[in-house]
Amino acid sequence: MPLGSLRDAPHFDCAWYSRAMEGERVCGDTATAFTHEDDVIFVMADGLGHGPEAAMASSAACKLAERRFTGGVERVISEMHQELQTTVGASVGVGKISATGDSEYRAVGNVVVRREGGPTGSIRLNGKSGIVGGHRAISSCYEFNLGREWLVAYTDGIPSHCDLSECLSASDSAMDIARAIVRRYGKSYDDATCMVLRKNR
Ligand SMILES: [Mn+2]
């Protein structure tokens, strides 16, 4: 079993915070993170629409990754695409970060990842239009080295262009930041999930 918990990656600070839209009891977004060999893998999924059907699609994507990830980001997205055919489908982002920071991130649909607080300022990584489990799921692909900057991933319940600077403070934990972003920017009429991740050293 090559997959492990984030406790196996003490060199990463990673946390996420989710809440359902007003009037819904379940959140249609699901996120997860785990280790595969020396890499940290994170998944952010936003089921189409909201409520239990959306939650079923997004959690199926995350569970598949947790059970079947074998090292390939593109491959796991195409497996999700098959698995989610019987669901409403989901926007999905999957990232893989090595211990040295070498990273690959791929996304389909409205999941955004931002690199924040690095020397180049704010960089936004958008998903390619499409839906995992829907008609087509060709992912956008980004490769980069993660230094000491924050990676912030979120679903479209948070505006893609919001100013994160006041939520990102060096002294805060990933959980404090994720919660602050959802509370400050989350749209009341959509599910909102934010994951925050950084290498500690
Ligand atoms: Mn959404």
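Two strands are said to pair if DSSP finds at least two bridges between them. Helices (H or I, at least four residues) and strands (E, at least two) are DSSP runs, numbered from the N terminus.

Good morning, colleagues. The structure before us is a predicted model, in which local features need pLDDT of at least 70 and side-chain atom pairs count only at pLDDT 80 or more, while totals for chains, interfaces and linings use all residues. Residues are numbered from 1 along each chain as its sequence is written.

I begin with the sheet. Six strands form an open sheet in the order β1-β3-β4-β5-β6-β9, with antiparallel pairing. At its edges are β1 (3-4) and β9 (140-145), each of which pairs on one side only. Between β1 and β3 there are two bridges, and Leu 3 has His 36 as its bridge partner in β3. Eight bridges join β3 and β4, where Ala 31 stands opposite Met 44. Two residues separate these strands in their hairpin, and Glu 37 there takes a positive phi near 55 degrees. β4 and β5 are likewise antiparallel, over eight bridges, and Ala 45 faces Val 92 in β5.

I turn now to the helix α1. This helix covers residues 52-68 and reaches 24 Å from its first C-alpha to its last, close to the 24 Å expected (1.5 Å times one less than its number of residues). α1 lies across β1, β3, β4 and β5, running at about 165 degrees to β4; such angles run from 0 to 180 degrees between N-to-C directions, with axes fitted to C-alpha atoms, for helices over the stretch in contact.

Which residues of α1 are buried? Among them are Ala 54, Ala 57, Ala 61 and Ala 65. A residue is buried if 20 or more other C-beta atoms, placed from the backbone, lie within 10 Å of its own. What covers these buried residues includes β3, β4, α2 (73-83) and β5.

Finally, the core. A nonpolar core is a set of buried Ala, Val, Leu, Ile, Met, Phe, Trp, Tyr and Cys residues joined through C-beta atoms within 7 Å. The largest has 65 residues, and Val 43, Ala 61, Val 92 and Cys 194 have the most contacts inside it. α1 gives the most to this core, with seven residues. Beyond its neighbours within four places in sequence, Val 43 is in contact with residues including Ala 31, Ala 61, Ala 65 and Val 92, contact being C-beta atoms, placed from the backbone, within 7 Å.

Terms used. Buried ≥ 20, exposed ≤ 12 C-beta atoms within 10 Å, placed from the backbone. Contact = placed C-beta atoms within 7 Å.
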